[in-house]
Amino acid sequence: TGNPFKKSFQSFYKFVVPRMYHGTFVISDSLKMYYQSRISDRAGILLIPVLVDTEEFTAAENTGRKMTILSAGTQSELKDGTLTLIRAFSKLAQKHPGLSLTLVGGDPQSGDIKKAFALARELKIADRIKFTGFVSRGNLIKYQKEAEILVLAKPNSLHAEHCFPSKLAEYVSTSNPVVVTNTGEISGYL
């Protein structure tokens, strides 16, 4: 079953096109290993885990830290572990009444954000969680610099196994404490 043209195109793109590469850039060792068997022996592979302009963070105005934990991303459970993060925050919220959680990014109309809203209400912490939706680059940096703690709660997945989150480099560039899950290649750097 399925579209035979689509399957042929996917196979062509997966096995034939990489053989035409003169070289490629990858963001993780697992992608490097994946492409080594698929590209020409003459083609090079350069591993560049993450690039970040640290001057964006040092030049940004520092308005002081707030008692907030911040997670930036699409705010989906599959990619960012948002529901897991909300459950963990509910436990911290009981012990630290002044602490809040800021979730930057994600479409407020998406099913993932609606699930996150519902969970926050169910756990009776909705008033302590700020969902910003998409924000400008300048506001994202401002939120990151103001946070007391920056969190990356990426769950184990095929995506996590092959990526290196650029937000991690941004988080570290703020000089604020960072808490991460041990997924993918994160532990190779932190």
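## Nonpolar cores

The largest nonpolar core of this protein has 18 residues, and those with the most contacts inside it are Ile86, Phe89, Leu101, Leu103, Ile125, Ile129 and Phe131. Two or more residues of this core are given by each of the elements α5 (82–95), β4 (100–104), α6 (111–122) and β5 (129–133). The largest share, 5 residues, comes from α5. A nonpolar core is here a set of buried Ala, Val, Leu, Ile, Met, Phe, Trp, Tyr and Cys residues joined through side-chain atoms within 4.5 Å. Buried means under 20% relative accessible area, exposed means over 50%, and partly exposed lies in between (1.4 Å probe, protein chains only). A second, separate core has 12 residues, among them Val104, Leu140, Ala147 and Ile186.

Residues up to four places away in sequence aside, Phe131 touches Ile86, Leu103, Ile113, Ala116 and Phe117; contact means heavy atoms within 4.5 Å. Ala116 is found in helix α6 and counts as buried because its relative accessibility is 0%. When neighbours within four places in sequence are left aside, Ala116 is in contact with Thr82, Leu83, Ile86 and Phe131. Ala116 and Phe131 are 15 residues apart in sequence, and their C-alpha atoms are 9.3 Å apart in space.

## Basis of the description

This is a predicted model, in which local features need pLDDT of at least 70 and side-chain atom pairs count only at pLDDT 80 or more, while totals for chains, interfaces and linings use all residues. Residues are numbered from 1 along each chain as its sequence is written, and side-chain values use heavy atoms, with hydrogens and water left out.

## Overall form

The secondary structure comes to 9 helices and 7 strands. Helices (H or I, at least four residues) and strands (E, at least two) are DSSP runs, numbered from the N terminus. The C-alpha atoms fill a box of roughly 60 × 45 × 30 Å, taken along the principal axes.

Of the 190 residues in the protein, 38% are buried. The accessible surface comes to about 11300 Å², and 58% of it belongs to carbon and sulfur atoms; accessible areas come from the Shrake-Rupley method with a 1.4 Å probe, and for residues only the protein chains shown count as cover. Among contacts between residues at least 6 apart in sequence, 67% join residues at least 24 apart.

## Paired strands

Strand β6 (residues 147–152) runs parallel to strand β3 (residues 66–72), and 3 bridges join the two. In this pairing, Leu70 stands opposite Leu150 in β6. Strand β6 is also joined by 3 bridges to strand β7 (residues 178–180), again in parallel, and Leu152 stands opposite Val180 in β7. Two strands pair if DSSP finds at least two bridges between them.

## Salt bridges

Side chains of opposite charge can pair when their charged atoms come close. A salt bridge is defined as a side-chain nitrogen of Lys or Arg within 4 Å of a carboxyl oxygen of Asp or Glu, and by this rule the count comes to 5. In one of them, the closest N and O atoms of Arg137 and Glu56 are 2.7 Å apart. Arg137 lies in helix α7 (residues 137–146) and Glu56 in helix α3 (residues 55–59), so the pair ties together parts that are 81 residues apart in sequence.

Glu146 forms a salt bridge with Lys66, with closest N and O atoms 3.3 Å apart. This pair links distant parts of the chain, since Glu146 is in helix α7 and Lys66 in strand β3, 80 residues apart. Glu146 is buried, with a relative accessible area of 5%, whereas Lys66 is partly exposed at 45%. Glu146 also forms a salt bridge with Lys142, the closest N and O atoms being 3.1 Å apart. Lys142 and Glu146 are 4 residues apart in helix α7, so about one helical turn separates them. Salt bridges that share partners also join Glu56, Arg137 and Glu170 into one network.

## Residues with positive phi

Gln75 has a positive phi of about 65° although it is not a glycine. Gln75 is placed in the loop between β3 and α4 (77–80), and it counts as buried because its relative accessibility is 0%. Lys124 is not a glycine either, and has a positive phi of about 60°. Lys124 is found in the loop between α6 and β5 and counts as exposed, at 70% relative accessibility.
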